[in-house]
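Good morning, and thank you for making time for this presentation. Please have the sequence and the structure open before you as I speak.

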Amino acid sequence: MSNPLGEDPEAAKARRGRNIAIAIGLLAFVVLVYVVSIARMGANVLDRPL
Amino acid sequence: MAMASAPTTSPRVARWQDFVQLLKPRVMSLVVFTALTGLVCAGQPMNWVLGAVAVLCIAVGAGASGALNMWYDADIDAKMRRTRGRPVPAGKVQGADALALGVVLSMFSVMLMGVATNWFAAGLLAFTILFYAIVYTMWLKRWTAQNIVIGGLAGALPPVIGWAAVTGTAPLNAWLLCAIIFMWTPPHFWALSLYTSEDYAKAGVPMMPVVKGASSTRKQILAYSLALIPVCVAPAFTGLGGVTYLAVSAIGGLVFLLLAWRLFRSHAGEAADPRNDDGLYDVRAGARDARNLFAFSILYLALLFATLLGEHLLGAHPLEVF
């Protein structure tokens, strides 16, 4: 893989690990907010005028 | 302000695991346990997803306050053997990054708690984070020997937050759980500090043995232990604990008192460590009683909360005394 920042391999590996961790954290947060919204609304989500 | 520039040794690239260490995972696991106990003991039905999110928010909030603590205390952490390997003093993570992580996780955890449960629980969580990061870390820790007594409130609040997440209230029984941890903290930490006081003295942290001496500390440990046991037994008489809890709290309390008495009669904390840089937790002859109380205090608190948790999960009836 190209290394535009000119980092040594260890630094590049650490940066990649941090980026993946942030991506997983943000994705988990989005999923959590979605799941919490569904759980809070519960059956009420179906109780609306058609 | 006391916060000094973090002494950085050889700078190296931060890995994601270093940021996890900033959250004090071991403290987080204790917080999860006590918060879950409060949540279950509240005794009201709750959507299990929302309950899990509430516990997660409390855990992340505790982690965030840990990161803020490590940012601010990097200067004294670097002077103590127990803490000099932490990510900031070890030069693995920049102080500003630890601060950013702490602030961001604090906001996320409080907001998600408010959305998932209620804003009373979220407010309690925000108070706990601010109390630990500002009142304890920035003020009490470097100022008074009562630092861990007052600061212990932050560690004692998670069961109240868990309870509030379910009911939106904090009744007497919730505060009783808080009181148990609050009263348990001084004998627990002072027993530890009796055989680590040289480290605290080196860092200029006014822990009780450093300021008042070992003899006074042992006396205060005994006094707090005497006050702790009635508080630990009390849930058996307020409808919170059952027969098993009464037995565990009373028998464990007697053992706690016995160990506190032995420590009081000992010379723990007075002998200088001839090996100086050897393992921090190696037991010096005079400190064996301090180590025993410290170890048992962890077991006792775990047993109390595990028993309450078990009784409520299994539907055991509380004692009908009143």
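This is a predicted model: local features need pLDDT of at least 70, side-chain atom pairs count only at pLDDT 80 or more; totals for chains, interfaces and linings use all residues.

What percentage of the 322 residues of chain B count as buried? The figure is 49%, where buried means that 20 or more other C-beta atoms lie within 10 Å of the residue's own, exposed means 12 or fewer, partly exposed is in between, and C-beta atoms are placed from the backbone. Residues are numbered from 1 along each chain as its sequence is written, and chains are lettered from A and ligands numbered from 1 in the order in which they are written.

Let me begin with the two chains. Chain B has 14 helices and 0 strands; helices here are DSSP runs of H or I with at least four residues, strands are runs of E with at least two, and both are numbered from the N terminus. Chain A contains 1 helix and 0 strands, and of its 50 residues 2% count as buried. Within chain B, if we take contacts between residues at least 6 apart in sequence, 75% join residues at least 24 apart. Two residues are in contact if their C-beta atoms, placed from the backbone, lie within 7 Å.

How do the chains meet? On the side of chain B, 12 residues are in contact with 11 residues of chain A. Helix H3 (48-72) and helix H5 (95-116) of chain B each supply at least two residues of that side, and the largest share, 4 residues, comes from H5(B). By class, the side of chain B that touches chain A has 10 nonpolar, 1 polar and 1 charged residues. For these classes, Ala, Val, Leu, Ile, Met, Phe, Trp, Tyr, Cys and Pro count as nonpolar, Asp, Glu, Lys and Arg as charged, and the others, Gly among them, as polar.

Not counting residues up to four places away in sequence, Ile58(B) touches Val31(B), Ala35(B), Leu125(B), Pro158(B), Ile161(B) and Gly162(B).

Pro159(B) lies in helix H8 (residues 158-167) of chain B, and it counts as buried because it has 31 C-beta neighbours inside 10 Å. Pro159(B) and Phe33(B) are 126 residues apart along the chain, yet their C-alpha atoms are separated by 8.7 Å. Beyond four places in sequence, the residues that Pro159(B) touches include Thr34(B), Gly38(B), Ala174(B) and Cys178(B).

From C-alpha to C-alpha, His312(B) is 10 Å from Gly38(B), although 274 residues apart in sequence. Leaving out residues up to four places away, His312(B) touches Val40(B), Cys41(B) and Gly43(B).

Finally, two helix pairs. Helix H6 (residues 119-140) and helix H7 (residues 147-156) of chain B pack at about 165 degrees, with axes 8 Å apart; axes are lines fitted to C-alpha atoms, for helices over the stretch in contact, and angles run from 0 to 180 degrees between N-to-C directions. H6(B) and H7(B) are therefore roughly antiparallel, a term for angles over 145 degrees. Their contact includes Phe131(B) and Tyr132(B) of H6(B) and Ile150(B) and Leu153(B) of H7(B), and by class it has 8 nonpolar, 3 polar and no charged residues.

In the second pair, the axes of helix H12 (residues 214-233) of chain B and H13(B) come within 9 Å and cross at roughly 175 degrees, so H12(B) and H13(B) are likewise roughly antiparallel. The residues of this contact divide into 13 nonpolar, 3 polar and 2 charged. Leu259(B) lies in H13, residues 243-265 of chain B, and is in contact with Asn292(B), Leu293(B) and Phe296(B), leaving aside neighbours within four places in sequence.

Conventions:
Angles under 35 degrees count as roughly parallel, over 145 as roughly antiparallel, 65 to 115 as roughly perpendicular and the rest as oblique.
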